[in-house]
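Hi,

Here is the structure I said I would pass on to you.

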Number of protein chains: 2
Amino acid sequence: MLTKVPTLDTQADPYKWQDEQGFWARCAHPCRGMWYDIKRRLPYYWSDIIDGWAYRVFAGTIRIFFINLLPALAFQLDMSHNTGGFFGINEALLSSALAAIVFSTLSAQPLTVVGVTGLISLFNYTIYDIIKLHDVTIYPRFMVWVGIWAAIWHWAIAITNLCDYMRTITDFSSQTFGLYVGTIYVVKGCEELAINFYDGQIANGFASSMIAILYFMTVYYLERIGSTSFATSGVRKFISDYAYVLATVWWTGFSHFPGNLAYADFIRLPITRAFYPTVDRPWVVAFWTLEVKWIFVALPIGFLMMLLFYYDHNVSSLTAQARNFPLKKPAGFHWDFFLLGCTCFAGGILNIPLPNGLVPQAPVHTDSLTYYDDTPEYISTKDHDTEPVIVRHNTKATKVAEQRISHFLMGLALVGMMTRPLLIVLRTMPRAIFSGVFFTVGLGGILTNPILVHKLKFLFTQRQFIPPHEPLLKVKRSQIWHYLGWQLLGWATTVAISQTIAAIGFPVLIMALIPLRWKVLPRLFTGEELEIMDHLTADGEVVLVSLGGKPELPEDRLLRNKESRGREDPERGAAGMAAGMVQVSERDAEFNNEGKGALRRKNKKGGRDEDHDGTYDSERTQVNSESSTPEGVDARR
Amino acid sequence: MLTKVPTLDTQADPYKWQDEQGFWARCAHPCRGMWYDIKRRLPYYWSDIIDGWAYRVFAGTIRIFFINLLPALAFQLDMSHNTGGFFGINEALLSSALAAIVFSTLSAQPLTVVGVTGLISLFNYTIYDIIKLHDVTIYPRFMVWVGIWAAIWHWAIAITNLCDYMRTITDFSSQTFGLYVGTIYVVKGCEELAINFYDGQIANGFASSMIAILYFMTVYYLERIGSTSFATSGVRKFISDYAYVLATVWWTGFSHFPGNLAYADFIRLPITRAFYPTVDRPWVVAFWTLEVKWIFVALPIGFLMMLLFYYDHNVSSLTAQARNFPLKKPAGFHWDFFLLGCTCFAGGILNIPLPNGLVPQAPVHTDSLTYYDDTPEYISTKDHDTEPVIVRHNTKATKVAEQRISHFLMGLALVGMMTRPLLIVLRTMPRAIFSGVFFTVGLGGILTNPILVHKLKFLFTQRQFIPPHEPLLKVKRSQIWHYLGWQLLGWATTVAISQTIAAIGFPVLIMALIPLRWKVLPRLFTGEELEIMDHLTADGEVVLVSLGGKPELPEDRLLRNKESRGREDPERGAAGMAAGMVQVSERDAEFNNEGKGALRRKNKKGGRDEDHDGTYDSERTQVNSESSTPEGVDARR
């Protein structure tokens, strides 16, 4: 049983911001965000430990361990291939372990798992490509400085409370980002498969392709069992919890079968001496010997790294706390970002890939810690002869084991993996498995992304099979296409740039989606259209309290301004005139807005938000339990 | 538009049999069945031609051409491999073309497509294995005699009206047979893939495995689009109609891509000189030179061949006319079986694989000629906030284009394939495609087999998610397992025997399921249990009229006897005493039984029989259109 934690009084929380207060007002009180983050979360620390003793936490640990370890190794293969072998398995494991130990014990939100992502791999080898144009020998030292600068930028952002802007993240950008990440993963999976064909190893190439495809299908179908009516909910959950474990053990074993498979001569995971860097170097290279000009070249790159993490880490944290999880304990974005600066610093000094929040995995972690109540719902039809009753699954997330133990144990297990005996176990795995992991994580995210499974599906569904209550029906089709056009443009641009040496700039593109949403979109769409098509990615009070409360969406503000002008109410009209009173009227408006917001939330409760399942017809009911994972940036589980 | 055909007055039809009349009574009027078959069907001949001019017939032609041609070629590969290359592509094409031309023009039921099956392949190479033990050179001449004897047995059965017993086929045996055929196909797919690895061609082997898996998935998912809400029903139907075409063209093209695929060095379909036998022999070998003893050895083998066709061809015909197709034109089992004797004779003389009814393809043919009406059904839920209405597909088969043109055009196309230019087109196809075809046809049958998707699914579904009206709930679970046990025993035995040289005896095992159902099962299960778990495979009046009308199921007879004994009604009791009156009382009883039968049918109308979709929850509604294909012996379409 989980401990009973006191409900947080978010209304009374002193950390509040109005959007109008702007950039400089936020910077004016250094460390205020971090201070309140700690103050808010510290009282829960003890419960974070004792809540960890539950079977769900054990299952969650196994699951998150595998879906953290396997992609980390996969990215390491990718990074290694693209950086002349500089980053190896020991670096990836050390980075993952470091991040897990630090964040599980010290972070404000231990649900957000931190580790090696695909984007850091992209980032690191793009820097390698750039450095290679000049002098490849300085790459290790240069990367240390990138880490140091990144750390400094992180600390600066955390101190000046600028994480607050993360509350403005809506599905518009987070879904686009999710689609982008999924696409990159699939591309990586293919690239990784192509490597198996190198040096004329055609048999290994095709055998690996086959295993990668079958691995993906195994995980996909095993996880789907979780949302069927098979056996009992315990058995279903067990199978879907351990889908990665089962698939990995089976297909690794398969690759060792005698017969034709033995002739395939599989390439396996390359390992090196335990606890030593992959290339012949000390853990800390003599970074102080780098020429000063290069140290300053590293500064903007450190900034871009911070920008990437600013979006990637915080979105991962937001989705780990997305609106479908009934969380009780508060988030702490400022403190966690400061901590991320620290791991950047340590990671930079040690020349390991810098860890940050894992976008598809973090929500899966929360999901695997969530207790679901799966009850049948009997719906009578008019068809009395053949099918008088339809049974559908009514899956409700009842509570979440919010604790630090699963994250911490995962960290310990990662440390264990660094030892020689377990490295040898890893060596038995064919590289093909990792392509399979890329496909599973990537396609998992793509095939559940609401851009596809809700909006595009809506546009491609025969009109008469759309339920009459579908909110998108109130929006003109051309406007839905218009909205999607922006998302798909953002997706296409970032995917394209990632294939070039300009990849290092992609965080700027991703970040640009936020002002696009807040400044441009309200001029192209009506408030009602945006209200139907877009939502805050996380709107829980306990989540947003760390970011200064719920923001007022620009379309709501426009509407409010219009209304107050239109109504000619002297008292209200006056409120807008005196600058000193702005804040008061804002607060008034916020209460009004609250009422509306509450209604909207009501429509979303129980994981049934229209963006969640995004399926029509009765199929919809089947996917209720799938809808429990947050959107856009969701792994297939 | 289809021509308006007169409704057949099945009650007035003079061809009637009571089960009690027995074997000898049936034999007593030679040719009676055939005579009435022709008399009944001939008036529809003209409409069979003019009904052929419709788009649905064109789409059906393309679809049936591909799902006839591709498996035929696949079986030919299997046969060729196992008979020392005796049967080649020319034999397979000639056999398919011969059967199609003959049956499309002369048969009573042109919906039943006839061609080369997997079982004839199994049969032919098992005979080869047996002959090889003695003297392999006599194989061609021996096969001619097998064909001749088979023909004679066919004619004998047709003349003595013994096809009548086919009306006793229930789902008990036809589903078991369907599962058996599906399993054999999957096994063949694997064997065929294994051939790609021969002579150390490991790269080709794995590349072929990959293509076979992807081919299967392509067809599977393209066909599933047909039962979604995608685009319009026209587009959906188009994609699922041409799934085989699209997949075959794409994956054949794929195998010709440059790059690593070129290194795979795919084995392709081996072709020989057009219109000539594959091995160096005349089309008609000197079969009259065979030693007399061998001619008589061929006699029982011809009988087994007839037994196989008796079951396989007639079941294929029954399923092509299964209860979910709203057919108007009468069947003609006796005449068609006589005709099958003729093709056996011709096929035997020419030494080509003997064609017969295609079990998974025949119902697909009917299905692709069926007009479906796919309308939305809005079901209100109590959940007013989030999902007040569920939309489900209400798919109804409205009519079937019952005609000869699709079958005939398919025959012409097969003749075309025998020419050199089109043989060269066939040569571009990698063998891998054919493994994919085996998987598609086999798994398609398995994954829709009610043994799995209804009864086993029922047993493995959590109790609370089973709709309360599910009829199986009235049967004890142990009795369902018991019933399934018999089916699975039948399946396991036939599959096992097929892997040995005793494979030639498997028709006996399959046939044995019918008396098992009629004599043994009524003693092990109550009438109610059997009524819920088993049904006549085809129960349409226009179908059964050719077989002497609907049979009385043994459990019903037991019940009736018990009732009439129990009631002590002197008039009814007397009816059983005088032999001369049996027939009258039978007819009475049949009317009573009719009433009950009608009620049962009602419960099944609209393709919603519980055995058809076999899915609970709301998923069920999605598969409505899948349920349109008959059960057990159904291809994935």
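Rings of Phe, Tyr and Trp (for Trp, its six-membered ring) are taken as a pair if their centres lie within 6.5 Å; planes under 30 degrees apart are called stacked, over 60 edge-to-face, and the rest tilted. With that rule, the count over all chains is 76 aromatic pairs.

Before you go on, some housekeeping. This is a predicted model, where local features need pLDDT of at least 70 and side-chain atom pairs count only at pLDDT 80 or more, while totals for chains, interfaces and linings use all residues. Residues are numbered from 1 along each chain as its sequence is written, chains are lettered from A and ligands numbered from 1 in the order in which they are written, and side-chain values use heavy atoms, with hydrogens and water left out.

Back to the rings. A:W145 and A:F287 make an edge-to-face pair, with 5.6 Å from centre to centre and 75° between the planes. A:W145 belongs to helix 7 (residues 139-159) of chain A, while A:F287 is in the loop between helix 12 (260-264) and helix 13 (292-320), so this pair links distant parts of the chain, 142 residues apart. Helices here are DSSP runs (H or I, at least four residues), numbered from the N terminus. The cut-offs are under 20% relative accessible area for buried, over 50% for exposed, and partly exposed in between (1.4 Å probe, protein chains only).

In chain B, look at B:F460 and B:W481: they are edge-to-face as well, at 6.1 Å centre to centre and 85° between the planes. B:F460 is in helix 19 (residues 450-460) and B:W481 in helix 20 (residues 477-498), so the pair ties together parts 21 residues apart in sequence. B:F460 is partly exposed at 39%, and B:W481 is partly exposed at 39%.

The charged end of A:R32 sits over the ring of A:W17, 5.7 Å from its centre (the rule: NZ of Lys or CZ of Arg within 6 Å of the ring centre and within 35 degrees of the ring normal). In chain B, B:R32 lies over the face of B:W17, also at 5.7 Å from the ring centre.

Cheers

Definitions and conventions:
Helix = DSSP H or I, 4+ residues; strand = E, 2+ residues; numbered from the N terminus.
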